[in-house]
Amino acid sequence: MFTKQELLQHRSSVDQLKKQSSLSPQNAEKLGQSIASSWQRSVSSSIPKERLAAPLLSQIKKNKSSLDLALETCSDELSHIAEQSSMVIAVGDVGSTIIWTASSNQMQSAAEKVHFIAGGQWAEDMVGTNALALSLKTQQSSCVFSNEHYMESIHDWVCYAAPILDPYSKQVLGVVDLSTTWKKHNTLGVLAAERCASIIQTALIEQQRQRLYIRAFATPQIIFNHKSLVLTPRQVEILVILALCPNGLNLENLHQALYGERKVSIGTLKAEMSQLRDILGGMLGSRPYRLLADVEADFLSAEQALDAGYVASALQLYKGVFLAKTESPFLCAWRDCLESRLSDAIFKTKETDLLLKLVAHFPEAIDAVERLMELFPSEHPARLSLSKFKDVY
């Protein structure tokens with residue numbers, strides 16, 4: 001625990017740093033580089049100074065994600081932690097919108113007042129620096145103390161957050177945040193947030209017993225019940241088509257989606273389906289053909305992120321071309337549509353760090369290179385390397 005004098009001194013130090021027009025490297029390091037960068041982004045987001053509560057979604061999504069289902073099994077344990085620690089616990093999705101909360105009596109009124117409740121939108125560009133959004137941004141645990149927050153109405157808070165990872169794909173599914181008053185700041189707060197994330201991740205493991213995970217960006221990979229499968233490219237394409245058509249397809253429609261006008265016999269497709277049924281057991285239905293396991297996929301998550309307006313999440317998933325070698329007319333058309341939406345999102349974003357990460361993971365993302373060239377000033381040192389990179393394509 002910190003003494004009251006130490007906490008007051010820290011608040012005073014933060015106030016002094018905030019008064020500077022720009023932070024020196026030394027002061028940014030003193031504050032913490034992630035907080036300093038978040039302050040800069042918050043200022044450039046033009047957040048209304050009079051904003052005292054997070055924007056609130058009028059309607060919360062109805063389709064339950066794997067994270068929603070996991071929370072149903074561990075909510076009692078998390079609620080108990082909130083009550084015993086005099087905190088409020090919130091779980092946010094990948095776009096920093098809160099999907100679940102549990103509050104102690106001591107924090108409930110304060111949480112409701114600032115919309116730290118289900119439906120509250122705590123994205124950095126809406127409310128500024130906060131631990132929930134920062135943890136998603138950095139994909140690391142974070143602590144935001146008192147007046148390090150951008151929004152004045154939560155200067156009396158200290159917040160600890162940790163990302164929630166899918167136990168198998170290691171993709172970030174969301175974030176858990178524990179918050180209390182700044183006078184109760186404790187060095188163990190981040191560890192407590194990480195413990196809550198671990199509880200949720202354990203619940204995810206239990207919830208995903210019959211689970212099929214499909215990775216189709218960059219190098220395709222299929223994981224079924226926690227084991228990586230060795231499949232032919234055609235079998236991977238079949239699973240991707242069925243993942244995109246959850247209501248199923250009859251044999252003829254599946255053949256058309258997979259082969260188009262290529263002269264491949266129905267018998268060949270039947271043989272592929274027979275082999276897949278042996279591999280997946282009862283998780284491949286017939287009449288129509290459909291997947292009966294819980295299906296998650298990087299391309300479906302990217303599409304859902306775009307639908308929700310979570311551009312950063314979509315681009316973080318986009319690590320390579322979607323099934324680059326496929327000749328399936330259905331999959332080629334779907335890829336063209338997705339790439340068009342991703343390109344549009346790339347040319348609308350102003351987040352250079354996000355685009356740089358995309359290029360690092362996916363050097364062929366020429367749209368991201370072109371957008372960076374637009375965003376960086378002519379004298380920026382990165383422009384030369386980017387222009388050389390662009391010339392390759």
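These are my notebook entries on a few features I looked up in this structure.

**Entry 1: starting point**

I am working with a predicted model. I began with one histidine, H185.

Where does H185 lie? I found H185 in the loop between β5 (172–181) and α8 (189–207).

I then looked for a side-chain partner. The side chain of H185 makes a polar contact with the side chain of Y160, at 2.8 Å. I also checked W157 against H185. The two are 28 residues apart in sequence, and their C-alpha atoms are 8.8 Å apart in space.

**Entry 2: salt bridges**

How many salt bridges does a search of the whole structure find? I noted 11. I followed up some of these pairs.

I took R195 and E77 to begin with. Their side chains meet in a salt bridge, 3.9 Å from N to O. R195 sits in helix α8 and E77 in helix α4 (residues 66–85), so this pair ties together parts that are 118 residues apart in sequence. I looked up the exposure of both ends. R195 is partly exposed, with a relative accessible area of 48%. E77 is partly exposed too, at 40%.

Then I turned to K137. K137 forms a salt bridge with D353, and the closest N and O atoms are 3.3 Å apart. K137 is in helix α7 (residues 131–138) and D353 is in helix α15 (residues 352–361). The pair links distant parts of the chain, 216 residues apart. D353 is partly exposed, with a relative accessible area of 29%. I also wrote down a network here: salt bridges link K137, E351 and D353.

My next pair was E296 and R211. Their side chains meet in a salt bridge at 3.6 Å, N to O. E296 belongs to strand β11 (residues 294–297) and R211 to strand β6 (residues 211–215). They are 85 residues apart, so to speak on distant parts of the chain. Are E296 and R211 buried or exposed? I found both E296 and R211 buried.

**Entry 3: the sheet around β6**

I traced an open sheet of 4 strands in the order β8-β7-β6-β11, with mixed pairing. Which strands stand at the edges? They are β8 (227–228) and β11. Each has a single partner strand, so one side of each is left without a neighbour in the sheet.

I went through the partners of β6 one by one. β6 and strand β7 (residues 221–224) run antiparallel and are joined by 4 bridges. β6 and β11 pair in the parallel sense, over 4 bridges.

I picked out single residues next. I214 has I222 as its bridge partner in β7. In β11, the bridge partner of I214 is A297. R215 has Q221 as its bridge partner in β7.

Why is β6 largely enclosed by the rest of the structure? I counted its buried residues: 4 of the 5 residues of β6 are buried, so the strand is largely enclosed.

Last, I checked the turn of the hairpin. The hairpin of β6 and β7 has 5 residues between the strands. Among its residues, A218 takes a positive phi near 60 degrees.

Key
Residues numbered from 1 in each chain as written. Predicted model: local features only at pLDDT ≥ 70, side-chain atom pairs only at ≥ 80, totals over all residues. Heavy atoms only, no water. Helix = DSSP H or I, 4+ residues; strand = E, 2+ residues; numbered from the N terminus. Polar contact = N/O pair within 3.5 Å; in protein donor to acceptor, adjacent residues only side chain to side chain. Salt bridge = Lys/Arg side-chain N within 4 Å of Asp/Glu carboxyl O. Buried < 20%, exposed > 50% of the residue type's maximum accessible area, 1.4 Å probe, protein only. Pairing = 2+ DSSP bridges.
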